[in-house]
Amino acid sequence: MKNKIKNFFYLEEEEEDVPVQRQQTVQQQAPARKSVKERRVNQEMPSPTVVSLQAAHKASKVILIEPRVYAEAQDIAEHLKNKRAVVVNLQRIEKDQGFRIIDFLSGTVYALGGDIQRVGTDIFLCVPDNVEVDGAISDYYYDDI
């Protein structure tokens, strides 16, 4: 009977040891597991990039150009590629060369996703994709003036 009692308690102890060992194993593994929230907090967040408003305003330019020859169209296109708006005055160039310049600039503006608008007699505004043009110039021509 004594052996039966020992065996009974021995089995109980063994059963108790198993859960204790399991608890210890789980507790040892628990620190290795982190919640998603803890992982996000522990990850280094990239610092946001701060750009001053003054720097942003200085980067914006409008270039005024009066081309004298067709070869200056490439210089105008370079300004557009560098994200600058360009006002082109074609009043001092021959008509056929003016048409060629506008054709060239139209293709450039199209390739850059920008816009070209006529703002006066032989005056055009060419803008890249980072500049938005709002409004329109009316096409009223006065014969008396």
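**Close-up views of a predicted model**

**Figure 1. Overview of the chain.** Of the 145 residues in the chain, buried residues make up 17%, and every value in these legends comes from a predicted model. The chain contains 5 helices and 4 strands, which follow one another along the sequence in the pattern α-α-α-β-α-β-α-β-β. Among the contacts with a separation of 6 or more, residues 24 or more positions apart account for 50%.

**Figure 2. Pairing of strands β1 and β2.** Strands β1 and β2 run alongside each other in the parallel sense, and their pairing extends over 4 bridges. Within this pairing, Ile65 has Val88 in β2 as its bridge partner. Strand β2 is mostly covered, since 4 of its 5 residues are buried.

**Figure 3. The aromatic pair of Tyr70 and Phe104.** The structure holds 1 aromatic pair, and this pair is formed by Tyr70 and Phe104 in an edge-to-face arrangement, with 6.3 Å centre to centre and 80 degrees between the planes. Because Tyr70 lies in the loop between β1 (62–65) and α4 (73–81), whereas Phe104 belongs to helix α5 (residues 95–112), the pair ties together parts that are 34 residues apart in sequence. Tyr70 has a relative accessibility of 26% and therefore counts as partly exposed, and Phe104, at 29% relative accessibility, also counts as partly exposed.

**Figure 4. Arg100 over the ring of Tyr70.** In this view the ring of Tyr70 is shown with Arg100, whose charged end sits over that ring at 4.0 Å from its centre. Tyr70 is also the residue that forms the edge-to-face aromatic pair with Phe104.

**Figure 5. The salt bridge between Arg92 and Glu66.** A search of the whole structure finds 4 salt bridges, and in one of them the side chains of Arg92 and Glu66 meet at 3.5 Å, N to O. The two residues are 26 residues apart and the pair links distant parts of the chain, with Arg92 in the loop between β2 (85–89) and α5 and Glu66 in the loop between β1 and α4. Arg92 has a relative accessible area of 52% and is therefore exposed, whereas Glu66, at 34% relative accessibility, counts as partly exposed.

**Figure 6. The salt bridge between Glu78 and Lys81 in helix α4.** The side chains of Glu78 and Lys81 meet in a salt bridge of 3.2 Å, N to O. Both residues lie in helix α4, where they are 3 residues apart, about one turn of the helix. Glu78 counts as partly exposed, with a relative accessibility of 40%.

**Figure 7. The salt bridge between Lys83 and Asp129.** The side chains of Lys83 and Asp129 meet in a salt bridge with an N to O distance of 2.7 Å. This pair links distant parts of the chain that are 46 residues apart, since Lys83 is placed in the loop between α4 and β2 while Asp129 is found in the segment after β4 (123–127). Lys83, with a relative accessible area of 40%, is partly exposed, and Asp129 likewise counts as partly exposed, at 46% relative accessibility.

Note on methods
Residues are numbered from 1 along each chain as its sequence is written. This is a predicted model: local features need pLDDT of at least 70, side-chain atom pairs count only at pLDDT 80 or more; totals for chains, interfaces and linings use all residues. Side-chain values use heavy atoms; hydrogens and water are left out. Rings of Phe, Tyr and Trp (its six-membered ring) pair if their centres lie within 6.5 Å; planes under 30 degrees apart count as stacked, over 60 as edge-to-face and the rest as tilted. Buried means under 20% relative accessible area, exposed over 50%, partly exposed in between (1.4 Å probe, protein chains only). A charge sits over a ring if NZ of Lys or CZ of Arg is within 6 Å of the ring centre and within 35 degrees of the ring normal. Contact means heavy atoms within 4.5 Å. Two strands pair if DSSP finds at least two bridges between them.
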